[in-house]
Amino acid sequence: MKFEELKSIMNNFINDDEIVSARAFGDGHINDTFLVSCKKSDGTICKYTLQHINSNVFPKPNEVMENIVNVTTFLKNKIAKNGGNPDRQTLSVVFAKDGKSYFLDGNGLYWRTYPYIDDALTYNMVNKPEDFYKCGSAVGQFMMLLADYPAGSLHETIKNFHNTPSRYNDLMKAIEEDKAGRADSVATEIEFVKQRKDFTEILVKASEKGEIPLRVTHNDTKLNNVLFDKATDTPICLIDLDTIMPGFSASDFGDAIRVGANTGAEDEQELSLVGIDLGLYEQFTKGYLESCKNALTKREIELLPYGAKMLTLECGMRFLTDYLNGDVYFKTHYPDHNLVRCRSQFKLVASMEENWDKMVEINNKYSK
Ligand code: ADP
Ligand code: GN1
Ligand code: MG
């Protein structure tokens with residue numbers, strides 16, 4: 001997008017500041033993110049993250065923003081009470097001049113902005129094992145901070161988001177419809193999923209039977225949604241709050257493992273590089289359980305390794321579904337990108353299956 005266009009959108013949020021630059025940044029698969037820099041009349045520079053909310057993915061962006069305003073307000077109060085920095089340890093919504101938490105432009109696009117959190121960065125892969133230990137604590141703490149948030153007041157921003165059997169059905173429908181004419185070429189991947197149909201039901205069935213509670217969860221805890229402090233390499237906060245909804249602890253645990261404990265990238269083409277790194281799995285499990293095991297039930301703790309495999313399988317299924325539908329959901333950078341991502345996820349699932357006993361052993365070690 002052109003600078004002038006971004007500038008005119010940003011002008012709906014901020015007043016006298018002079019917008020000096022705007023550029024696309026970030027590796028998210030859903031929203032369009034821009035870093036906007038402004039120079040105030042007194043010469044100080046301030047930066048904002050401007051995002052176009054993907055309304056194909058989030059049909060009701062106003063509800064997404066209502067959740068985010070309420071949750072971040074709640075978090076800010078808690079963080080301040082705990083002696084933390086509420087402007088840095090969670091996102092802050094910048095309200096538009098008309099008082100709304102978003103701006104709807106003439107083309108029907110929804111925009112929102114947050115102050116850019118400076119001296120921070122995100123990773124697509126883990127740099128140092130201890131960073132992933134700290135990441136485990138951050139994910140556990142996030143859930144703890146929201147333990148007394150009124151879950152019933154949250155909008156479900158994407159229906160059945162981590163309902164894996166429902167994702168399975170979406171895939172079967174996509175195979176049936178075969179919109180992009182690609183189903184024949186992915187018979188191996190389809191078979192891989194079909195063989196694991198019963199597995200897809202484990203978390204949802206446990207919930208239906210009342211074995212595990214619904215909690216307020218982030219639901220998108222992959223590594224690059226954790227903002228790290230540049231100087232200390234310590235997580236500052238979880239970002240990308242669009243999918244905060246009632247969910248399972250195992251989903252937040254699992255999605256973080258899916259990305260952070262993979263020896264390869266989410267879209268690694270060389271599948272021999274993809275697998276579960278048990279050292280990193282252990283680091284995250286240790287950090288996560290230290291921060292929240294007292295609040296989790298025995299069954300929830302037991303199901304954490306299942307969450308790791310579930311979220312990896314589910315994400316692979318979602319990439320495959322999108323590939324079959326003609327790449328309409330996730331941003332892709334080349335024609336087979338979704339298929340490459342899917343294969344990398346399935347390779348990781350297979351690696352988890354090979355190392356299953358060790359994953360369970362690690363879980364047992366830190367649950368005591
Ligand atoms: P998406 O839904 O597309 O993943 P995100 O909200 O995760 O969008 O933002 C994309 C990237 O932009 C993040 O991974 C992070 O690197 C960066 N980012 C987003 N918000 C901020 C912020 N407030 N401060 C600093 N960096 C940010
Ligand atoms: C998307 O927005 P981003 O890139 O952080 C997706 C997640 C997937 C992830 C796969 C709203 O996350 O569910 O796990 O891609 N977000 C949404 O990398 O669908
Ligand atoms: Mg993101």
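Mentor: In this predicted model, a lining residue is one that has an atom within 4 Å of a point of the pocket.

Trainee: Which residues of the lining of the second largest pocket lie nearest its centre?

Mentor: The pocket is lined by 20 residues, and those nearest its centre are R167, D170, T321, N325 and Y329; each of the 20 counts as lining because it has an atom within 4 Å of a pocket point.

Trainee: Which helix gives the most to the lining of the second largest pocket?

Mentor: That is α4, with six residues, and both α4 (164–177) and α11 (304–325) supply at least two residues each.

Trainee: What makes K222 a polar contact of ligand 2?

Mentor: A polar contact is a pair of N or O atoms within 3.5 Å. A polar side-chain atom of K222 lies 2.8 Å from an oxygen atom of ligand 2, and 2.8 Å is within the cut-off, so the pair counts.

Trainee: How do you know which domains the shell around ligand 2 draws on?

Mentor: At least three of its residues come from each of domain 1 (3–118) and domain 2 (129–367), so, with the bounds taken from a domain assignment, both domains contribute to the shell.

Terms used:
Residues numbered from 1 in each chain as written. Chains lettered and ligands numbered in written order. Predicted model: local features only at pLDDT ≥ 70, side-chain atom pairs only at ≥ 80, totals over all residues. Heavy atoms only, no water. 1 Å grid on protein atoms, 1.4 Å probe; cavity = no way out; pocket = protein on both sides within 12 Å on 5 of 7 lines; lining within 4 Å. Helix = DSSP H or I, 4+ residues; strand = E, 2+ residues; numbered from the N terminus. Polar contact = N/O pair within 3.5 Å; in protein donor to acceptor, adjacent residues only side chain to side chain.
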